[in-house]
Structures are given as C-alpha cells and as structure tokens.
Amino acid sequence: MDHHDHAEHTAAGTGSGGGASWGMAVKATLHCLTGCAIGEILGMVIGTALLWGNVPTMVLAISLAFVFGYSFTLFAVRRAGLDWKSAIRIALAADTVSIAVMELVDNGIIALTPGAMDAHLSDGLFWYALLGGFAVAFMITTPVNKWMIGRGKGHAVVHSLH
C-alpha cells in the first residue's frame, strides 16, 4: 500500500459539518489493516518456525501488528517533516484504538474458530480463520475510525499534516 494515501484521505476529508466520509474511514482502516496483517502473519511465521506454543506466538503476532501498524503512520508523518518525538506521539494517538479494535476482533475470531488455534500455517483452516477475522475486524473498525476522524481524533491528526 502506498504511504501517500494520507493525501487522498484529505481529499475525501472532513466536510464543514465536522463528519468524516466513509471513504476516508475505509482508507484509514485499510492502512491499519495492512500493518496489522503484516505484523500478525510475520509473528505467526516466526512463532511457528521457533516451535513456540499458541500464547507466545499470539503475543509476538499482536506485538508485531502494533509495531507495523504504528510504523506506517510514523514514516508518513516523518516524511511530512515532523521530528521523531512528535511523530511517535501522533502515531500512537492516531492508531492505538484502530489497531487495538482490529487485533481484538481478529484474534477473538481466530480463538473462537474451532481448531484454528491448533492449525498450522500450511492448513487452509488457519488462513480462512485469519482472513475471516480480518474481514470482520475491518467491518467493525471502519465505523470506529469514521467516528474518531469525525471528531478530530485518530487519523484526522495525521491528515492535518498534509
């Protein structure tokens, strides 16, 4: 995903009524989803390769989802000219709720899918549960992002830099 998408968010931006467009919310959520998916899949691969159990693998996957989710925003705002301290503060403010909701829903669905926690990376069940979890998480996180952006929170902070 291109990191210049924030400029497009602004084009679809908040109107004079203070609300956020669904297009902006969808793009913000896709941005979050991309970082979460990269981190989570990488964590699953590493945990599986190291023969870790479910709990340490999930902790690694969720941790990496946050790292990658934050890094997408961090590098975008750094490119806009902010210093590291300000950039980190904005990334934390913009993405914490979005990533947390995404991870809670996605991992909850994986945990509730019979056999998914014990499925291996080579099993279709693992990938169906993961992708299904992300799909549901996307549908739940998008309205959350729309609400936050409409109130000047979350990704609205990032968009104000463009």
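Let me start with a term: a residue is called partly exposed when its relative accessible area falls between the cut-offs for buried, under 20%, and exposed, over 50%. Trp84, at 42% relative accessibility, is therefore counted as partly exposed. Please bear in mind that this is a predicted model.

The structure contains 3 aromatic pairs. One of them is formed by Phe66 and Tyr70, whose rings are tilted, with 5.9 Å from centre to centre and 50 degrees between the planes. These two residues are 4 residues apart in helix H3, which means that about one helical turn separates them. Tyr70 has a relative accessible area of 18% and is therefore buried. Phe75 and Trp84 form an edge-to-face pair, at 6.3 Å centre to centre and 85 degrees between the planes. Phe75 is partly exposed, with a relative accessible area of 43%.

I now come to Arg78. This residue belongs to helix H3, which covers residues 54–79, and is partly exposed at 30% relative accessible area. What does Arg78 touch, not counting residues up to four places away in sequence? The residues are Asp83, Trp84 and Ala87. Between the C-alpha atoms of Arg78 and Ile88, which are 10 residues apart along the chain, the separation is 9.0 Å.

Finally, the charged end of Lys146 sits over the ring of Trp22, 5.0 Å from the ring centre. Thank you for your attention.

Conventions:
Residues numbered from 1 in each chain as written. Predicted model: local features only at pLDDT ≥ 70, side-chain atom pairs only at ≥ 80, totals over all residues. Heavy atoms only, no water. Buried < 20%, exposed > 50% of the residue type's maximum accessible area, 1.4 Å probe, protein only. Contact = heavy atoms within 4.5 Å. Phe/Tyr/Trp six-rings, centres within 6.5 Å; stacked < 30°, edge-to-face > 60°. Lys NZ or Arg CZ within 6 Å of the ring centre and 35° of its normal.
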